[in-house]
Structure formats: structure tokens, C-alpha cells
Amino acid sequence: MMIPKFIGSLSQLKELNLAYANFSGPVPPQLGNLSNLHTLDLSSNDFEGMMIPNFIGSLSQLKELNLAYANFSGPVPPQLGNLSNLHTLDLSSNDFEGMMIPNFIGSLSQLKELKLADANFSGPVPPQLGNLSNLHTLDLSRNKYISSENLEWLSHLSSLRDLSMSGLNLSETLNWPQSLSKLTLLTGLQLYQCNLPDIANVNSNFVHIDLRANNLEGPIPDVFTSMLSLVTLDLSWNKLEGGIPKGFQNLCSLESLTLSSNQLSENIEDSVKTLSCAENTLENLDLSENQFWGSSPDLARFSKLRVLDLSSNQLNGSVPESVGQLSSLEILYLSGNSLSGVITEAHFLNLSRLRALDISGNRFSINVSSDWNPPFQLDSLEMSSCKVGPAFPKWILTQTNLYRLYLSNARLSGSLPIQVWDLFSGLELLHLSMNQIHGKLPNLSSTSLSYVYLSSNLFSGALPSFPPMLRSLYLSNNSFSGPLSSFCAPDLWFVDISKNLLSGELPNCWMQCQELEVLDLGKNKLSGKIPSWLGNLQSIWILCLHDNNFSGELPSLENCIGLVMVDLGNNNLSEKIPTWIGQRLPNLVILRLRSNEFNGIIPFSLCNLAAIHVLDLSHNNISRGLPDCFNNITALADDSGVDGEIVELVWKGIEIEFGENVEGMRGIDISSNYLVGEIPESITSMTNLISLNLSRNILTGKLPEDFGNMKMLESLDLLRNWISGKIPTSFASLNFLSVLDLSHNNLSGRIPSGTQLQGFNASQYMGNRGLCGPPLTQSCPGEGTVQDDGIARGTEIDNKEQVSDGLINLGFFISAVLGFVTGFWMVCGSLLLKTSWRYAYFRFLDNAKDWIYVKTVVYKAKVRRTLQR
């Protein structure tokens with residue numbers, strides 16, 4: 001609702017705080033009557049993109065104005081420049097539509113706090129801000145289009161204590177360290193993501209520094225070692241190397257040190273010794289995602305430590321029991337190392353404040369007594385890839401505050417205790433994948449689950465009902481059965497129920513899942529037609545319905561322009577391959593339609609799939625020729641990346657499951673169809689193609705001469721076609737070729753010399769009567785000794801046969817003509833003179849015709865079965 005108008009009649013009001021009151025606009029002009037108002041706070045409301053009211057500029061006694069998070073838009077009214085008594089101005093987190101920061105702000109000489117963060121200002125910072133000599137706090141952060149090539153104005157803010165310009169590009173700003181060094185009272189500095197090249201020559205009085213996500217390289221600068229008052233330092237997400245400087249042993253006031261996501265490499269015990277002076281003050285130590293190595297350190301003397309994050313390093317050995325003495329510890333992250341050993345109750349002895357524990361990705365074995373009652377109540381527990389089982393631990397059932405539980409690959413077996421679903425009423429994320437848990441799932445509709453990961457277990461029975469807030473569901477590789485009709489959750493993002501025993505048709509209620517991005521129902525027993533409502537899922541980018549019993553034609557997915565992967569292989573789909581696939585799915589990377597009953601031609605529009613990496617149309621009834629436009633598929637001609645999803649591909653003749661490494665796959669498989677004609681020359685433009693399979697078709701003509709341009713080719717299968725001519729000499733350039741099958745064609749001539757080609761088994765060339773040379777035992781015609789003139793000559797017999805070849809051909813021609821004339825009149829003359837012979841002859845021809853017709857039909861059937869094997 002709107003702000004009540006009567007408030008404007010409260011003429012003696014000095015403070016009006018309406019923050020977080022869910023008011024919407026417009027702001028009533030009656031508030032302009034509050035002439036005695038000192039404080040106006042309208043923050044965290046929704047004024048629907050309206051301008052800041054002009055009348056606020058008439059509130060001359062105003063000292064504090066807070067309009068943050070209020071959904072105002074620009075421009076900022078110049079009347080605010082009349083607020084000469086203003087001490088605090090906060091316009092953060094609004095949308096001033098790319099306007100410049102108003103110059104008049106520089107005239108508000110009494111300002112002590114100015115916050116303009118995340119307000120969509122742009123352009124240069126007005127140097128008039130340098131007039132604000134009383135300013136204590138300046139926040140210009142997260143205005144990505146603000147520029148400041150010269151920070152000289154900053155040096156005039158002699159009272160400045162806290163400065164935040166995070167998100168501004170300072171890579172080309174002149175003398176910014178010198179400008180900062182003149183601010184002798186400055187203690188807080190936030191320059192997150194500013195593209196800073198270095199940080200030399202800044203003053204040494206800092207207490208709080210945030211330099212995350214810059215381009216800082218090399219060792220940690222020694223400039224920090226002289227900042228003896230430093231309390232918090234954040235250098236994460238840079239490119240720093242080496243270890244923690246020895247000078248850090250002088251930082252005795254340090255409370256928080258964050259060095260995560262760098263390239264630091266040092267023995268972790270040396271790093272801890274360097275921080276020994278801060279053992280009575282340090283509360284947060286984050287060294288995660290680096291390359292620290294060595295045994296897990298003893299940190300018992302850091303008695304105030306609340307957050308310890310050593311995850312994703314190269315630590316080994318066991319964790320000392322002394323960690324259980326850190327009575328202030330709230331967060332402990334050790335995941336992603338090579339730690340091992342047994343975790344016992346002693347490791348948690350005094351951790352009564354612990355809220356989050358992550359030891360996943362190590363080789364720990366959890367060994368606590370069956371009746372252990374932990375001293376803590378966790379919000380988040382992650383112990384994936386540790387030996388937790390075989391039984392579900394009873395002590396976890398005591399953690400009733402859990403909202404995240406990760407126990408994947410934890411060697412759990414048996415069934416889950418029924419209390420799991422009752423006790424964890426607030427659980428939002430459950431990850432129990434890759435265990436041996438069996439049993440049926442109960443009705444989960446009343447739980448708080450939003451993310452469920454139960455893949456690769458032994459669950460069975462029908463799918464239960466899930467809560468309406470469900471976002472992600474991963475149940476693949478179990479034994480769930482029955483229909484999908486009972487399963488509907490309108491807010492789903494990701495669904496993977498592949499490799500189960502589900503049957504029936506897809507339920508219509510899924511058309512409500514407008515945010516669905518991933519749908520994988522492959523390898524079930526689903527049937528019926530693929531429903532047309534799939535075409536309404538405009539957010540979907542992965543669709544996998546392979547290895548089911550779907551039939552009929554493929555419905556239109558033209559509106560699903562974000563599709564990256566479509567896998568409908570191994571079904572009973574029919575009709576023609578739709579042209580809209582190439583016209584309306586520009587982002588398609590994987591298209592797999594193998595082992596269906598598609599017919600007709602390959603649409604030329606498929607050549608518009610510029611991003612395609614894998615095209616599999618094999619084992620269908622596709623006919624006609626290959627389209628001569630493969631040069632348009634740029635992803636097979638140039639390097640390009642793709643985020644990999646799990647997909648099964650026939651690769652080098654073997655069906656293999658690819659995950660993230662599908663990014664490197666480049667393959668075309670159109671084998672076992674009825675393609676005719678020649679292989680087009682344009683196919684040789686796909687220089688990054690790794691696998692090409694055109695086997696078991698009826699292709700004719702010669703191989704393209706430039707086949708050797710496909711230098712990345714590792715697998716080539718042209719088995720059982722009618723290809724003729726010679727193997728191009730360019731084949732010798734295919735240095736990565738490891739799988740080759742040219743057998744059962746009409747190829748002839750010498751196999752080109754090349755290490756790869758001669759290294760294959762002779763069976764890869766068999767069925768080509770005209771081929772010769774290694775690795776075949778058949779030598780090529782004309783092979784013999786080489787004389788001094790360098791010309792290869794055959795044997796004496798070969799030479800005589802060549803000399804007499806003309807006479808043989810002439811005699812053969814004369815004999816053939818005389819034989820034809822004599823035979824013609826002996827047969828045809830007899831038929832003309834003898835009526836009974838003539839009738840018998842034509843009956844013979846009719847019978848012969850019938851016999852040939854029957855044999856032809858039988859032969860075609862045999863050929864078709866052979867091609868489909």
C-alpha cells in the first residue's frame with residue numbers, strides 16, 4: 001500500500017523511519033510539510049521505478065536521508081542540493097538509468113557518509129566530490145560504467161576513513177596509490193574486482209582491506225607486513241604465488257585472513273607458524289583452493305578461531321585430535337584434499353558451536369560409538385566419499401537443524417531409518433547418491449526438500465509425491481517402476497530419472513514446468529508419443545528421452561531455442577527429420593537420433609547447426625545423398641567449448657558414456673542407412689572432426705582427394721559401401737587415425753604409404769579386390785626391380801604380355817563379332833521357322849522373369865538385414 005498521507009500533518013516529527021514496510025509508490029507529497037524532520041528512511045520498499053520526489057529537497061533540516069533499495073529511478077532531482085545540513089545520503093541499489101553522479105552532491109559540505117553503490121550510475125566521477133572535506137565514508141562500488149582516469153580529487157577528502165570503489169576499472173587510473181597515501185585517516189579500503197595491476201605505496205594505517213578478484217600476480221606484496229593495525233585482509237581470487245610472507249608474524253591484530261583461490265604453494269605448517277602472533281586474535285582463516293601441502297596443522301593455540309577453511313589443497317596425513325579443542329569453531333571445511341585416517345569423537349570433543357562441517361572428498365573413516373550424542377547442532381553436514389556406513393549413523397539423526405546433508409559415496413547400505421524423513425523437517429538438500437541404499441521412498445510432499453540426489457542406489461517401487469517447491473531431482477540408476485503420472489512439481493529446474501523401470505506416457509502436468517532446464521528420462525520403458533507440450537518449455541537446454549519405446553513423429557521444439565543437447569536415440573520414432581532442427585535450434589551441440597525409423601533425406605538445414613559437436617543419425621531409413629554443405633558447421637572446423645553432460649556415444653565402434661569430456665568430442669555417425677551418391681568434398685573442411693562413420697550405406701564414387709585435411713581424425717568407418725577408385729594419397733596425413741575400416745567396397749590401387757595406414761590389420765581393407773600393397777599380401781601390378789634409370793620394370797613375362805596386348809585385343813574383337821552373328825542366326829532363325837520352339841522359348845523367359853523377381857526380393861531383404869547389423 002501507499003504511505004499514509006496523514007503522516008504529513010505531523011509537523012513536529014523529527015525522525016521518520018519507514019524501512020522494510022512494504023510500501024509502494026508514489027510517495028505522498030504531504031511529506032514535504034515535515035519541515036522539522038531530521039531523519040527520513042524510506043529504504044527497502046518498492047516505489048515502482050518512480051523518481052525521487054522533488055519535495056524532499058525542501059526538508060531543509062534533514063540530516064540523514066536513506067533511500068537505498070527503494071526502487072527509485074533517475075535522474076536524481078537537483079533539489080537535493082538544497083539539503084545543506086545533510087550528514088548522510090544513501091542512494092544505493094536503485095536504478096538511475098546510466099546517469100552521471102550529480103555534481104551538486106559536491107556542494108553538500110556537511111556530508112559525512114555518501115553511499116551510491118549499485119545504483120547504475122555511469123560516466124566519470126565528478127571531481128566536485130573532492131570538496132567533501134568532512135566525508136568519513138564514500139561508497140561508489142558496483143557501478144560498472146563509472147570511470148575515473150584520475151583520482152586526484154580523492155586526495156582532498158582529508159577526513160575519509162572508509163573507501164569502497166569495488167567494480168570500477170582502475171587499470172588505467174593514474175597515480176591511484178599516491179592519492180590513497182595522502183588519506184592519512186583512511187583505515188578501510190574495498191577495491192574488489194578493480195583490475196588493479198599492483199598495490200605498492202599505499203599507506204600503512206589500514207585496518208580493513210578487500211582486494212578480491214584483481215590481477216595481482218607474484219608473491220603476496222610486502223606492503224602488508226608494515227600494516228601493524230590490520231584486522232581483516234582479503235586477497236582471494238587473484239593470481240598470487242609462493243607462501244605467506246614472513247613479515248606477517250608482525251600482524252598481531254589480525255582477525256580475518258582470506259587468501260582463497262590463488263596459486264599459493266607452501267608447507268601448511270610453515271604458513272601457520274607465520275601467523276603465530278595472531279593466535280589470540282585470529283577468528284577467520286581461509287586458505288582454500290590453493291596448493292598448500294603437508295600434514296594438517298595443529299591449530300589448537302588459535303583459541304578464537306571461528307572459521308577454518310583449508311579445502312581444495314594438497315594436504316595429506318591425518319587430522320590431529322587437537323582440532324576438537326577449538327571451542328569457538330563454527331565452520332570447519334577440509335574437503336578436497338588427500339587426508340586420511342580415522343575421525344573419532346575426540347575430534348569434536350569441545351566443538352559445541354560447530355554449525356557447518358565439510359570433510360568430503362578425503363579418505364576418512366568415521367568411527368564413533370553407536371550411542372554418541374554430539375555436542376553440536378549442525379546446519380550443514382558434508383561427508384561424501386568418506387567411509388560412513390554401512391548403517392546410516394544414529395548420531396546424524398540427532399542433528400535436527402540440518403538443511404544440507406551430503407553423504408554420497410559414503411558406503412551406506414541397507415534401508416534408511418524411517419526417522420530420517422520425520423526428524424529432518426527443515427532439510428532442503430539431500431545427497432545420498434552412489435551408495436547401496438534400498439527400499440521404497442515414502443510420501444515426501446510435506447517435507448521442505450528442494451534438491452534431492454539419490455542416484456545410483458537400489459531404490460525401488462513407485463515414485464512418491466514430492467513437495468511443490470522441488471527444484472532438482474536426480475534418481476537415475478535405480479529400480480523405480482510404474483508410471484510418472486503421480487510425479488508433478490511445477491517449479492522443477494533439473495530432472496534426471498534415467499536408467500530405471502518407469503513405464504507409461506509422460507504426464508501432461510509437466511507442461512507447467514516453465515523453468516525446466518534439464519529433462520533426462522533415458523533408459524526406461526516409457527511409451528506413447530512424445531507430447532507436444534515439450535515445445536512450450538522455453539527454458540530447456542538438455543532433453544534426453546533415449547532408449548525408451550516412444551513412437552510417432554517428433555513434435556515441434558521450435559520454441560526451445562536454448563536446446564544444447566537432444567538425445568532421442570533408440571526409440572521407434574518415424575517420419576522425416578524436421579527441417580526446424582537446423583533452422584530454430586542454433587545452439588545445438590549434440591543431436592542424437594540413432595536407432596529409430598526416420599526416413600526421407602537429411603535436411604540441408606542441419607548444416608546451419610554451426611555449434612554441433614556430435615551428430616548421430618545412424619540406424620534409420622534415411623535415403624538420398626549427403627548434403628554438400630558441411631563447411632557451414634564451424635564447430636567442426638574451429639575450436640569451440642561446451643559444458644559436458646553425461647551422454648552415451650558410439651565412439652570408435654564402442655558405446656561409451658562421456659561426462660565432462662564430451663567437450664572434446666567431434667563426431668558424425670550416419671551409418672546403417674540408405675545413403676547414395678558420392679561423399680561430398682565439403683566434408684573435408686571439418687578439420688576438427690575426430691570420428692566419421694558412414695558405414696553400411698550405398699555410397700558410390702571416389703573418396704575426396706583432400707581427405708587428409710581432417711588431420712584430427714581418429715576414427716573413420718566406411719565399411720560396406722560401393723566406393724570406388726583409389727585411396728587418396730592425402731590419407732597418409734591422418735597421423736592420429738587409430739580406427740579405420742574401408743572393407744567391402746570397390747577400392748583399387750596401392751594403399752598410400754604412411755605409418756598409420758600400414759599399421760592396420762589387413763581385414764580393414766578386405767573385400768576390395770583392386771587394392772594392393774601393405775598391409776595386404778597382394779602385390780601391385782608392375783612391381784619389380786628398379787634399374788639404373790630409376791624406372792620400375794616388370795618381369796620378362798609381364799613385358800611380353802604387354803607387347804602382345806594389341807594383337808590379343810584385335811583377335812578377340814574379330815572372334816566376338818563372328819561368334820555373335822553365327823549364334824544370333826542359329827537361335828533366332830530356328831525360332832522363326834519352328835512355332836513350337838518359339839512358344840517354349842517365351843514360356844521359359846516368363847518363368848525366368850518370375851524366378852529373378854523372387855530372388856531379387858529375397859536378396860534385398862538380406863542386404864537390408866546386413867546393413868542394420
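In what order do the four strands of the open sheet stand? The views below show a predicted model, in which local features need pLDDT of at least 70, side-chain atom pairs count only at pLDDT 80 or more, and totals for chains, interfaces and linings use all residues. Residues are numbered from 1 along each chain as its sequence is written, and side-chain values use heavy atoms, leaving out hydrogens and water.

View 1. The order is 43-45-49-51, with parallel pairing. Strands are DSSP runs (E, at least two residues), numbered from the N terminus; two of them pair if DSSP finds at least two bridges between them. Strand 43 (599–600) and strand 51 (698–699) stand at the edges, each with a single partner strand, so one side of each has no neighbour in the sheet.

**View 2. Strand 43 beside strand 45.** Strand 45 covers residues 621–624 and runs parallel to strand 43. Two bridges join them. Gly600 has Ile622 as its bridge partner in strand 45.

**View 3. Trp722 in its loop.** Trp722 sits between strand 52 (715–717) and strand 53 (724–725). Its relative accessible area is 47%, so Trp722 is partly exposed (between buried, under 20%, and exposed, over 50%; 1.4 Å probe, protein chains only).

**View 4. Ser73 in its loop.** Ser73 lies between strand 3 (64–66) and strand 4 (88–90). Its relative accessibility is 8%, so Ser73 counts as buried. A polar atom of the Ser73 side chain lies 2.4 Å from the backbone oxygen of Gly49. Beyond neighbours within four places in sequence, Ser73 is in contact (heavy atoms within 4.5 Å) with residues including Met50, Asp95 and Phe96.

Notes. A polar contact is a pair of N or O atoms within 3.5 Å; within protein, one must be able to donate a hydrogen and the other to accept it, and residues adjacent in sequence count only if both atoms are side-chain atoms.
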